[in-house]
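Good morning, and thank you for joining.

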Amino acid sequence: MYFGALHIFSIFACIVLFAFVVFLFFYFLKDKKLIYLFSFCSFIIFFILCYSILLSIDAAFKKVALKNEENYLSSSDVMYLAYISNIGKYPVKSCTLTVRIINQKVQKVDGSIFDTSKSFESNRLAKPKNSYTYEYDYDVLISPNSQSIIRAKIPYPKHFSSYKLNTKISCK
């Protein structure tokens, strides 16, 4: 996680708020056990709050887009090539590409699997999947307003007749 001025300001604000709440506990409560208990609970709550604020800041300011996407079928794989463009204000350190390959022409199942007069064969009931999802992690440092190239080798299932790719990128 890249710490910018907004990150540091939010951490400082959480620490100041926590100190103010602990001061209020010491001022209004006289029992030491209650002060320690409430202070510990406040610490946990402010820690979770601060971490969620940092994640929200990252999600708001670190934006990327996939450009010039290309894919082609080789002998047993689909080769995917794209550019990750950093369109946000902060550098991006790592990205996760989620690729879903979908069979375009789904074969219809005939009614023979429901015929009970024939003996039971387990391989007749095995139905191949029509979509598969793969995740690829990339550790690249992309500064603002620049781009980096990514490549992915996606296994092409033998029972697919044609394919379609759905891609999603998320960066930190």
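Predicted model: local features only at pLDDT ≥ 70, side-chain atom pairs only at ≥ 80, totals over all residues.

Residues are numbered from 1 along each chain as its sequence is written, and side-chain values use heavy atoms, with hydrogens and water left out.

Rings of Phe, Tyr and Trp (its six-membered ring) pair if their centres lie within 6.5 Å; planes under 30 degrees apart count as stacked, over 60 as edge-to-face and the rest as tilted. By this rule there are 10 aromatic pairs. One of them joins F23 and Y27: the ring centres are 6.1 Å apart and the planes lie at 25 degrees, so the pair is stacked. Both belong to helix α1 (residues 5-28), where four residues, or about one helical turn, separate them. Helices here are DSSP runs (H or I, at least four residues), numbered from the N terminus.

Y27 also pairs with F28, edge-to-face, at 5.0 Å centre to centre and 85 degrees between the planes. Is Y27 buried or exposed? Exposed means over 50% relative accessible area, buried under 20%, and partly exposed in between (1.4 Å probe, protein chains only). Y27, at 54%, is exposed, and F28, at 59%, is exposed as well.

Turning to helix α2 (residues 32-61), F47 lies there and is exposed, with a relative accessible area of 55%. Ring pairs link F47 with F18, F43 and F46 into a cluster.

Terms used. Helix = DSSP H or I, 4+ residues; strand = E, 2+ residues; numbered from the N terminus.
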